[in-house]
Amino acid sequence: MMKMKNNYKFTTYACFIGYIVQAIVNNFVPLLFVTFQKSYEIPLSQITLLITINFVIQLLVDILSAFFVDKIGYRASAVLAHVFSAVGFILLTVLPDAFENHFFGILVSVVIYAIGGGLLEVLISPIIEACPTDNKEKAMSLLHSFYCWGHMGVVLLSTAFFAVFGIENWKLLALFWALIPILNALLFSKVPIYPLKTEGEKSLSMKELFSKKIFWVLLLMMVCSGASEQAVSQWASTFAEQGLGVSKTVGDLMGPMAFAALMGTSRLIFGKFGEKMNLDRFMSLSCVLCLCSYLCIAFVPSPIISLIGCAVCGFSVGILWPGTFSKAALEIKGGGTALFALLALAGDIGCCSGPTLAGFVSDSVKGNLKIGILAASIFPLLLLLGIFLSKKEQKKRT
């Protein structure tokens with residue numbers, strides 16, 4: 001036990017598992033939407049509302065966490081995040097049948113695990129940033145790759161479970177996924193948690209954060225990172241289904257799975273060789289590659305090439321989110337919990353605005369998704385501008 005208390009590697013392992021938990025929170029229940037529709041006779045409009053509620057709750061937690069995490073401490077907050085996640089999944093197996101209104105039971109469960117997911121998003125990055133690692137950017141990129149592996153694992157293991165045991169036994173799988181946050185809560189109760197700021201360093205207030213130009217540049221970068229990632233990720237399955245005429249299951253494997261695999265690979269590469277790479281250059285080249293993949297999706301008539309463009313987009317956006325977190329920690333000393341909470345909020349806004357813009361533009365041109373993706377190319381362009389502005393601010397300070 002003493003070895004664990006003094007070894008930051010156990011902290012990094014707990015953080016890696018924490019991002020897997022967040023992947024379970026965001027990606028397991030959507031696999032059951034059709035089952036909920038059939039089993040509980042819930043209309044599609046209410047099913048869609050579950051996605052919105054999950055997103056809104058996580059946004060609210062992003063905002064509120066800036067005010068309470070420092071007061072109760074990172075360890076207590078991390079344990080609570082995992083408890084909420086686990087309880088949400090456990091209640092999902094009970095509440096829908098406990099209420100006459102089955103949808104209400106599902107909704108309560110989603111709200112509870114969404115609180116856990118929102119807390120994890122705010123907590124895990126600063127905890128890993130505070131660890132005494134040699135290369136912070138490398139550690140952050142490796143951390144965020146585990147969300148991708150978690151996403152892939154949830155889809156693959158759940159699909160395999162449904163094929164072997166039948167989707168009607170989904171409650172057993174929900175209980176299995178609940179075990180992971182339970183065990184990680186125990187791990188977080190034991191591992192060392194390092195302070196975000198050095199001794200004597202004063203945390204910046206919200207007012208001080210807002211007065212910094214670089215803070216607003218980083219917020220822009222986070223919005224564009226989330227938007228660049230999700231504008232294609234959310235529509236990748238549709239591309240596969242419509243363009244290649246494959247089933248929903250095959251579409252999910254060829255679209256979002258390929259996207260997540262290459263996004264994770266990009267983060268793993270930087271996590272492995274980050275000390276030999278320049279973060280700004282890597283992010284700039286990633287933005288250019290992202291823009292090229294958007295143009296490929298929009299203008300190349302071949303559906304197979306468009307799908308390859310979707311997968312390449314996954315590789316290109318891999319470093320953008322964790323890279324922006326690393327830049328923020330480096331350039332705004334003493335930002336503390338408020339900085340990471342606001343960055344997470346900006347990223348979530350981007351995750352919503354990217355696919356929303358693509359969807360609205362597609363609707364306005366008779367459902368042409370390629371034009372919607374073309375419109376969303378504004379996000380990697382703005383992100384490229386953000387990187388340029390952040391380098392300019394950095395030169396001013398030095």
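Predicted model: local features only at pLDDT ≥ 70, side-chain atom pairs only at ≥ 80, totals over all residues.
Let's begin with helix α8, residues 136–165. How far apart are its end C-alpha atoms? They are 43 Å apart, and since 30 residues at 1.5 Å a residue should span 44 Å, the two values agree.

Next in view is helix α9, residues 170–188. The axes of α8 and α9 come within 10 Å and cross at roughly 145 degrees, and that crossing is right-handed. On the α8 side, the residues are G153, V154, L157, S158, F161 and F162, and they meet W170, L172, L173 and W177 of α9. Sorted by class, this contact has eight nonpolar and two polar residues, with no charged ones.

A quick reminder for reading that list: an α-helix has 3.6 residues a turn, so residues three or four places apart point the same way.

Now to another pair, helix α15 (residues 279–299) and helix α20 (residues 378–397). Their axes come within 9 Å and cross at roughly 160 degrees. Angles over 145 degrees count as roughly antiparallel, and α15 and α20 are therefore roughly antiparallel to each other. The crossing here is left-handed. From α15, the contact uses D280, M283, S284, C287, V288, C290 and L291, while α20 brings P380, L381, L383, L384, I387, K391 and Q394. By class, that makes ten nonpolar, two polar and two charged residues.

Which residues make the contact? In α7 they are E121, V122, S125, P126 and E129, and in α18 they are F340, A341, A344 and D348. Five of these residues are nonpolar, one is polar and three are charged.

Last, the aromatics. The structure holds 18 aromatic pairs, and I picked one of them, F28 with F89. The ring centres are 6.0 Å apart and the planes sit at 65 degrees, so this pair is edge-to-face. F28 is in the loop between α2 and α3, and F89 is in helix α5, so the pair ties together parts that are 61 residues apart in sequence.

Technical notes: Residues numbered from 1 in each chain as written. Heavy atoms only, no water. Helix = DSSP H or I, 4+ residues; strand = E, 2+ residues; numbered from the N terminus. Expected span 1.5 Å × (residues − 1). Axes fitted to C-alpha atoms, helices over the stretch in contact; angles between N-to-C directions. Parallel < 35°, antiparallel > 145°, perpendicular 65-115°, else oblique. Left-handed = near helix turned anticlockwise from the far one by under 90°. Contact = heavy atoms within 4.5 Å. Nonpolar A, V, L, I, M, F, W, Y, C, P; charged D, E, K, R; others polar. Phe/Tyr/Trp six-rings, centres within 6.5 Å; stacked < 30°, edge-to-face > 60°.
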